[in-house]
Amino acid sequence: MTVKKRAMGMLAFLLNGHIQWSSATIWFLGFLLFLVHNISNSGASSASNYLIGLGSYDITGPAADVNMMGYASLEQIASGVHFRLRARTFIVAEPQGNRLVFVNLDACMASQIVTIKVLERLKARYGDLYTEQNVAISGIHTHAGPGGYLQYVVYIITSLGFVHQSFDVIVDGIEKSIVQAHESLRPGSIFVNKGELLDAGVNRSPSAYLNNSAAERAKYKYDVDKDMTLLKFVDDKWGPVGSFNWFATHGTSMSNTNSLISGDNKGAAAPFMEDWFEQKGLREGSDTLYFNKSEDDGVPRRVSTIVPNPNENWNELLRLASSFQPSKGKPAIKILSLASRVRNALKQADRPQFVSAFCQSNCGDVSPNVLGAYCTDTGLPCDFDHSTCSGKNELCFGRGPGYPDEFESTRIIGERQFKKAVELFDKASEQLKGRVDYRHAYLNFSSLEVSLPKVGGGQEVVKTCPAAMGFSFAAGTTDGPGAFDFNQGDDKGNVFWRVVRNLIKTPSQEQVKCQLPKPILLDTGEMKKPYDWAPSILPVQILRIGQLVILSVPGEFTTMAGRRLRDAVKTVLTSKGNGKFDSNVHIVIAGLTNTYSQYVTTIEEYKVQRYEGASTLYGPHTLDAYIQEFKKLAAALISGQAVEPGPQPPDLLDNQISLLPPVVLDATPSGVNFGDVKTDIPSNSTFKKGQLVAVTFWSACPRNDLMTEGTFALVEILKNQNKWAPAYDDDDFSLRFKWSRPSKLSPESFATIEWRIPESAVSGVYRISHFGASKSLLGSISHFTGSSSAFVVA
């Protein structure tokens, strides 16, 4: 309860009581009431130093046939949904001044062509209100989302080229989330908090980290960053409406053998926190839903309260369940899937939706597989320098905290981030105050001159190089090993792979010299057929909200690289005489933002040529170039001066090639409908919490309709003995939608829906339903649905 409410309540009690008051006393109390009211209002007014708005929208891409982005494994093809992906946005604006947009994507990374097309749509809607200057689009780096949405060749080889469906749903979702945030702009405040999270990331390339000087390493307690920085958004009317935080750990809790679309650990943490917040509000008085916290995993879950009494006679529940046989598959309208979605049903019209985002930072060498890397053949730790087992990288895998269950590892790392975020959220008290500002520039990183101090005094000028990938890139990491005979830490290469490389593109001697000591495997920066293989023009961007500064970087900085960048910018911002910032400035790195250009290591780490160094595209001085250019942006931010916009990146959308075959036809055997149950739950079944329930339906390709803001799978609970209510959908961590064909070219397909019953599930009668869309030979799309037999959860 607020101070104002307490004071008003006490005054009301006194004035309405049986005590006799003199007119002077009543006048004094009335005056006190006036003061309380006005002091409270003036406090709210001073608190509303910004306009704030938040938005969230579904960006789940094709759940079938499309290669996943991140591991570059040809075998990792999407075939279902673990949980849905979203674009989450905040907008902060001065009431009569600048504004900025930050979008967090449940995607592997940002994409230049996505950014270009989103900005075009924003210009069509809002004119010059939102541009590349003040819009940042950042990816969480999940390796379990559909690929094919980047424009450069090297990033879409395994996806068989460009996938328009992946691209379109991301662009649409970003636009809609920004529109939501824009339309919800209201006076509010922002609070910042920071704290250590110790058990959600380890350094996966410690031998490279150790190549940094001992003096520099001694400045830090850990070999990865452990700090989480969180923003708490508080609406003047509604109170808290969202939180965004930045923390460095890879989105690789899900392995390269997973085929279900998933936001990985950060994607899981976001709905955990959104559910936690709604739980707080709905417990205070809702006639429709409540939240229960699972006793076994600590994850808040949404559960309908309109359910049978848990103490109801079990025989009666079994009788009820036996009266509901599987329904035949039948035609449905598209909106049925949307209307059945649990999270949409929970959205309250009388207050803003709470939006929580877990953003990526300098995660380049940080793995969520915190138990370490071990050999699959011997169970012993992998070789320290090369991450090999008997000389082979393919046998060395990192282990997550839920090993050997990658879903459990995802939950645990997500939950750890969620719990830290809740702690920071609840204790956030430092209010952001000051200007909203930004600077942005495009730079040609293929030939950027960098001025460095020389030993003994003076300056020397070095240059970055056209993009190139080293031999160790193909070795992969302990999160996802590569193939063949590549090893991390290879600064020589070998003759066979040089011959193969030269058949594709022989690097020039100038390029070879520029990239040393990296041996070049793919000279991507000089490969232009059929169009650019790698980016040359990159964006750098700095955003300011009061004493918070966000550095938007288009790649994956390693721990020490990120530290150097933050320190360099902080030195500029807090230098004596500028009067703009004090030492309390909060600087966060937003990784994988606005476009993607792989890794950035320190020059010392680059020399070791582990995976991260081999993937530092623009040569040994890449980090120096970033530091130089971000210092310029920081100086311009302080002085109020503009910066040169730089050369525009190319729009290659019309050049894209796609080799992914379309869906031609969906079919079922004679006498079978789409949505019919193929493998049902045994009759008269009773399941206990923690058990797995599985049903298989005759289905159709999920590419026919992505069910955006809808669901492919639904667990329903019986209420009032005759009406089914949604309880869990394919956006819940406990439910998995798995799609398959009996053979690669078959027009027939199946959908298996698995529900691991949470400890928080309410006892009652349940059934499982499936929503889908089939394609005829003429190309028409028809929606359908079907349901299993009912069963009892004890």
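**Figure 1. Surface and overall make-up of the predicted model.** The protein exposes about 31000 Å², of which carbon and sulfur atoms supply 55%; accessible areas come from the Shrake-Rupley method with a 1.4 Å probe, and for residues only the protein chains shown count as cover. This is a predicted model, in which local features need pLDDT of at least 70, side-chain atom pairs count only at pLDDT 80 or more, and totals for chains, interfaces and linings use all residues. Residues are numbered from 1 along each chain as its sequence is written, and side-chain values use heavy atoms, with hydrogens and water left out. Of the 794 residues in the protein, 59% are buried (under 20% relative accessible area, 1.4 Å probe, protein chains only). Among contacts (heavy atoms within 4.5 Å) with a separation of 6 or more, 77% join residues 24 or more positions apart. The protein has 17 helices and 39 strands, taken as DSSP runs numbered from the N terminus (helices H or I, at least four residues; strands E, at least two).

**Figure 2. Helix α4, residues 164-183.** The 20 residues of α4 reach 28 Å from first to last C-alpha, close to the 28 Å expected at 1.5 Å a residue; the expected span is 1.5 Å times one less than the number of residues. Buried positions in α4 include F167, I170, G173, E175 and I178.

**Figure 3. An open sheet of seven strands.** The strand order is β7-β2-β3-β35-β36-β32-β30, with antiparallel pairing (at least two DSSP bridges between two strands). At the edges, β7 (145-146) and β30 (677-679) each pair on one side only.

**Figure 4. The β35 and β36 pair.** Strands β35 (residues 735-740) and β36 (residues 749-756) are antiparallel and share six bridges. A751 in β36 is the bridge partner of W739.

How values were computed
Buried < 20%, exposed > 50% of the residue type's maximum accessible area, 1.4 Å probe, protein only.
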